[in-house]
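Subject: Handover of a protein model

Dear colleague,

Please find below the structure that I am handing over to you. I would be grateful if you kept it open while reading the notes.

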Amino acid sequence: MIKDEKANPEPPKNKILIVLPSDSDLDPKAIVFRLFGIKVGEDDRIVKNLVWKTKYYEVCFDLYIDEYVNWQVWFREFSSEEFSDLRNVLAGLVVVNQYSPDFHPISCGLEEAFVVWINTDSKVSQDALDEVNDQLLAQYQETTVEVLNLHAKETTNNYGEKISCERFRELIDTCRWKNCQMKLQTNQDSATSSDVPLELVIHKMQQARIRHQNLDLDEQEAMQIAEEVANELTRGEQNSL
């Protein structure tokens with residue numbers, strides 16, 4: 001497993017670790033390119049000084065690439081005290097594996113980071129993963145844990161939310177990048193200090209969907225829910241001032 005040098009008490013969370021099964025037919029280079037849009041070499045395990053850029057900001061990060069023969073063994077090692085320094089600098093963990101009910105996604109002990117489980121089994125439906133993700137959203141507060149379909153044919157689900165690689169890039173866009181040096185975009189179309197963070201908007205919309213997912217809503221009721229979310233966002237902004 002990749003180890004990181006001794007970390008400072010408050011190091012920047014500027015590293016993303018992707019782990020893939022070593023015994024599969026998946027091409028790590030192709031997976032990395034599909035998810036991140038980054039070309040890596042055959043033997044690359046640490047790729048430094050990459051730039052993630054959105055319309056609002058850009059930030060430098062390092063990409064770590066690892067493989068596992070047995071996920072349970074890898075996870076025990078990753079969760080050990082020996083690798084606490086590595087966990088402390090991760091902005092996100094990406095696990096590539098077939099999803100099954102017996103292989104339930106967990107936060108892997110990470111806080112203020114995202115954990116994405118990339119399902120490689122094309123037989124798993126998007127509706128099934130939407131249900132799993134609703135459960136995960138209700139379970140985890142400080143860590144974003146989601147399962148995404150690698151082979152999804154659509155870019156949105158029945159709720160109009162982004163899925164698959166589109167959702168993966170959205171998760172990185174809204175990553176907290178704690179303690180990182182972020183260069184804010186200053187053009188007129190970019191965010192200003194008064195804008196509501198995109199991460200908060202998405203989170204509030206997901207919470208509202210969970211609260212009302214079992215209701216048969218008409219257009220007026222849907223508009224009431226949208227107004228409810230808008231009011232919550234406004235209160236959140238006022239409380240932060």
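Residues are numbered from 1 along each chain as its sequence is written, and side-chain values use heavy atoms, with hydrogens and water left out.

Confidence

The predictor's confidence in each residue is called pLDDT and runs from 0 to 100. Its mean over the protein is 80, and 73% of the residues reach 70 or more. Over residues 188–196 pLDDT stays under 50, and the model has twelve contacts beyond four places in sequence for them; a contact means heavy atoms within 4.5 Å. Where pLDDT is low, the predicted coordinates should not be read in detail.

Nonpolar cores

A nonpolar core is a set of buried Ala, Val, Leu, Ile, Met, Phe, Trp, Tyr and Cys residues joined through side-chain atoms within 4.5 Å. Buried means under 20% relative accessible area, exposed means over 50%, and partly exposed lies in between (1.4 Å probe, protein chains only). Helices (H or I, at least four residues) and strands (E, at least two) are DSSP runs, numbered from the N terminus.

The largest nonpolar core has 32 residues, and Ile-16, Ile-18, Phe-36, Leu-63 and Trp-177 have the most contacts inside it. At least two residues of this core come from each of strand 1, helix 1 (28–36), strand 2, strand 3, strand 4, strand 5 and helix 5. Strand 3 supplies the largest share, five residues. Ile-18 touches, among others beyond four places in sequence, Ile-31, Phe-36, Leu-63 and Val-94. A second, separate core of 27 residues includes Tyr-64, Trp-71, Leu-90 and Val-95.

Helix 5 (residues 164–173) is largely enclosed by the rest of the structure, because seven of its ten residues are buried. Among these buried residues are Cys-165, Phe-168 and Leu-171.

Aromatic pairs

Rings of Phe, Tyr and Trp (its six-membered ring) pair if their centres lie within 6.5 Å; planes under 30 degrees apart count as stacked, over 60 as edge-to-face and the rest as tilted. By this rule the model has eight aromatic pairs. The rings of Phe-36 and Phe-168 are edge-to-face, because their centres are 5.1 Å apart and their planes stand at 85°. Phe-36 lies in helix 1 and Phe-168 in helix 5, so this pair ties together parts that are 132 residues apart in sequence. Both Phe-36 and Phe-168 are buried.

Trp-71 and Trp-74 form a stacked pair, with 5.2 Å from centre to centre and 20° between the planes. They are three residues apart in helix 2 (residues 71–78), about one helical turn. Trp-71 counts as buried at 9% relative accessibility, and Trp-74 is buried at 4%. Ring pairs link Tyr-68, Trp-71, Trp-74, Phe-75, Phe-78 and Trp-117 into a cluster.

Salt bridges

A salt bridge is a side-chain nitrogen of Lys or Arg within 4 Å of a carboxyl oxygen of Asp or Glu. The count by this rule is eleven. One of them joins Asp-62 and Lys-48, at 3.5 Å from N to O. Asp-62 lies in strand 3 (residues 57–68) and Lys-48 in strand 2 (residues 46–53), so the pair ties together parts that are 14 residues apart in sequence. Asp-62 is buried, with a relative accessible area of 7%, whereas Lys-48 is partly exposed, at 45%.

Glu-166 and Arg-169 also meet in a salt bridge, at 3.3 Å from N to O. Both lie in helix 5, three residues apart, about one turn of the helix.

Two single residues

Asn-14 is placed in the segment before strand 1 (15–21) and counts as buried at 17% relative accessibility. Its contacts beyond four places in sequence include Asp-62 and Trp-177.

Leu-129 lies in helix 4 (residues 126–139) and counts as buried at 0% relative accessibility. Its contacts beyond four places in sequence include Tyr-99, Asn-119 and Leu-148. The C-alpha atoms of Leu-129 and Asn-119, ten residues apart along the chain, are separated by 9.3 Å.

With kind regards
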